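Morning, everyone. Please bring up the sequence and the model, and we'll start with the helices.

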Amino acid sequence: MFIGLFLVWVLITWSVQPQELLTGAALVLVLTLFMRPVYPLLEGIRPGITPIFYMVVYIFIFIWQLILANIDVAKRVLSPSLPINPGIVKVKTGLKSPLAKVMLTSSITLTPGTLSLNVQDDEIFIHWIDVKGSDVESASKAIVAVFEQGLKGVVE
């Protein structure tokens, strides 16, 4: 972690002056010491260039889902005659790492019409504005599947 952050410091400052390197090393050392409790969460990150590519793809997937969800909620607000069937559904995820689950539940919560409530092992409880079915498979396919596909390339 120290080496990676120090390299970022050098790239940002674009300087190899001794005072710049010393300042960067001190700041990065303090930062890495304060981040120690977060280290277990970061275990699922895959090293390399490929996860960066998948993260960019995931950002586009998320933005597209965000647009679709905003349009859906806007239609429901502007047309009160559209049915609203709110409820809590249980979905299953194939993601194993805590970081992947955090990213998944955050993406679900940031998407209008859904709200992540609780995570238990591979199950997530979600409040959904328009519950279309009560079975786990259909809810998982409708809410989680598209996000999972993008996240699998980023984290394990």
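How are α1 and α2 oriented to each other: parallel, antiparallel, perpendicular or oblique? Before that, some ground rules. This is a predicted model, where local features need pLDDT of at least 70, side-chain atom pairs count only at pLDDT 80 or more, and totals for chains, interfaces and linings use all residues. Residues are numbered from 1 along each chain as its sequence is written, and side-chain values use heavy atoms, with hydrogens and water left out.

Now the answer. The axes of α1 (residues 2-13) and α2 (residues 18-34) come within 9 Å and cross at roughly 140°. Axes here are lines fitted to C-alpha atoms, for helices over the stretch in contact, with angles from 0 to 180 degrees between N-to-C directions. Helices are DSSP runs of H or I, at least four residues; strands are runs of E, at least two; both are numbered from the N terminus. So α1 and α2 are oblique. Under 35 degrees would be roughly parallel, over 145 roughly antiparallel, 65 to 115 roughly perpendicular, and the rest is oblique.

Who touches whom? Contact means heavy atoms within 4.5 Å. From α1, the residues that meet α2 include Phe-2, Phe-6 and Trp-9. On the α2 side, Leu-21, Ala-25 and Val-28 are among them.

On to the strands. Pairing takes at least two DSSP bridges. β3 (residues 123-128) pairs with β1 (residues 87-92), antiparallel, over six bridges. Lys-90 has Phe-125 of β3 as its bridge partner. β2 (residues 114-120) also pairs with β3 in the antiparallel sense, over six bridges. There, Ser-116 is partnered with Ile-126. Last stop: the β2 and β3 hairpin has two residues between the strands, and Asp-121 takes a positive phi near 55°.
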